[in-house]
Structure formats: structure tokens, C-alpha cells
Amino acid sequence: MAKFLVIIELVLLVYCLVDCIQSDPADVRTLPKPIWVLLIIVLPLFGGIGWLLAGKPERGAAAARQVSWPSTRTSGFPEHERPAPPKGPDDDPDFLRSLRETDAEHERTLRQWEDDLRERERRLRDGDQPPDRPTDATS
């Protein structure tokens, strides 16, 4: 039975200490946060119970302080003054146009390379010297 009480006290100590450390100092009630940490460590049973009853922030305290982005529906903007929703890249016509232009440029470059390669292969087959490599008279 004594081991069971020690385990409960240890669990209460760890839970309350972690909860206190993770709590926002502005939401902690009754005493400042560092005092609660000391009480929980020095007097684990009484400090932990005190934290749970008198120090732990209320459940809605953090949510009540959070400021959320106002909804466009309740912001009071007339319809013509509402900001436009952000566009994804696939909804942006300028982005899609730039992709098509880039693809067309790549296709032109590939066609030019293929034409150059065919011309070089034809010259090698016919025994002609490619124009970009001059013949060396000394060799």
C-alpha cells in the first residue's frame, strides 16, 4: 500500500510539474509560475494538489486570449471590398502561361539539338568534315 501511495505521489509530481512548465505564465492563477514550480517540487503532494485546484489555468483561458483572423463574412466589408482569396499556382493564368512558354522553348531547343545531331551523323557517314572542327594540317 505504501508503494502505491509513493507511485501516486510521483505521478502527481510529474504531471503537475510538466503541466505547470508548459502553461502560459499569463494564464496561471493565484501565484506566479516560478512559485508554483517551487511548490510542486518542494511539497509534491500539497503543491500538486494546490496547482490542480488553484493554479492551473482554466480550460478556456488560452482559447479566449487567442485572436483569430476575422472571417470575411463577418468582417463588415462590402462585397466589392473583400480581399480576394489566395490563388494556387494551378489557378493562376500567368503561371500556367509561363509553364507553356517554358515547355515550348525546351521543345525548340531539343528539336535544334536533334537537327544538329542528324546533320553531324550525315556528314560522318558521307566522310565530310564537320564545320565546327577545322582539319589540322600537321597531323
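**Helix packing and an aromatic pair in a predicted model**

Trainee: How many aromatic pairs does the structure hold?

Mentor: The model is a predicted one. Among its features, the number of aromatic pairs held by the structure is one.

Trainee: Is the pair of Trp36 and Trp51 stacked or edge-to-face?

Mentor: The ring centres of Trp36 and Trp51 lie 5.8 Å apart, and their planes stand at 70 degrees. Planes over 60 degrees apart count as edge-to-face. The pair is therefore edge-to-face.

Trainee: Which helices does the pair link, and how many residues apart are Trp36 and Trp51?

Mentor: The pair links distant parts of the chain. Trp36 belongs to helix H2 and Trp51 to helix H3, and their separation is 15 residues.

Trainee: Is H1 roughly parallel or antiparallel to H2?

Mentor: Two packed helices are described by the angle and the distance between their axes. For helix H1 (residues 2-22) and helix H2 (residues 33-42), the angle is about 170 degrees and the axes are 10 Å apart. That angle makes H1, relative to H2, roughly antiparallel.

Trainee: Which residues of H2 meet H1, and how many residues of each class does the contact have?

Mentor: From H1, the residues involved are Leu13, Cys16, Leu17, Cys20 and Ile21. Their counterparts in H2 are Lys33, Trp36, Val37, Ile40 and Ile41. By class, the contact of H1 with H2 has no polar residues, one charged and nine nonpolar.

Trainee: Why are the buried residues of H2 on the same side?

Mentor: The buried residues of H2 are Lys33, Trp36 and Ile40. In an α-helix there are 3.6 residues a turn, so residues three or four places apart point the same way.

Trainee: Is Asp19 buried or exposed, and with which residues is Asp19 in contact beyond four places in sequence?

Mentor: Asp19 is located in helix H1. With a relative accessible area of 17%, Asp19 is buried. Leaving aside neighbours within four places in sequence, the residues in contact with Asp19 are Trp51 and Lys56.

Conventions
Residues numbered from 1 in each chain as written. Predicted model: local features only at pLDDT ≥ 70, side-chain atom pairs only at ≥ 80, totals over all residues. Heavy atoms only, no water. Axes fitted to C-alpha atoms, helices over the stretch in contact; angles between N-to-C directions. Helix = DSSP H or I, 4+ residues; strand = E, 2+ residues; numbered from the N terminus. Parallel < 35°, antiparallel > 145°, perpendicular 65-115°, else oblique. Contact = heavy atoms within 4.5 Å. Nonpolar A, V, L, I, M, F, W, Y, C, P; charged D, E, K, R; others polar. Buried < 20%, exposed > 50% of the residue type's maximum accessible area, 1.4 Å probe, protein only. Phe/Tyr/Trp six-rings, centres within 6.5 Å; stacked < 30°, edge-to-face > 60°.
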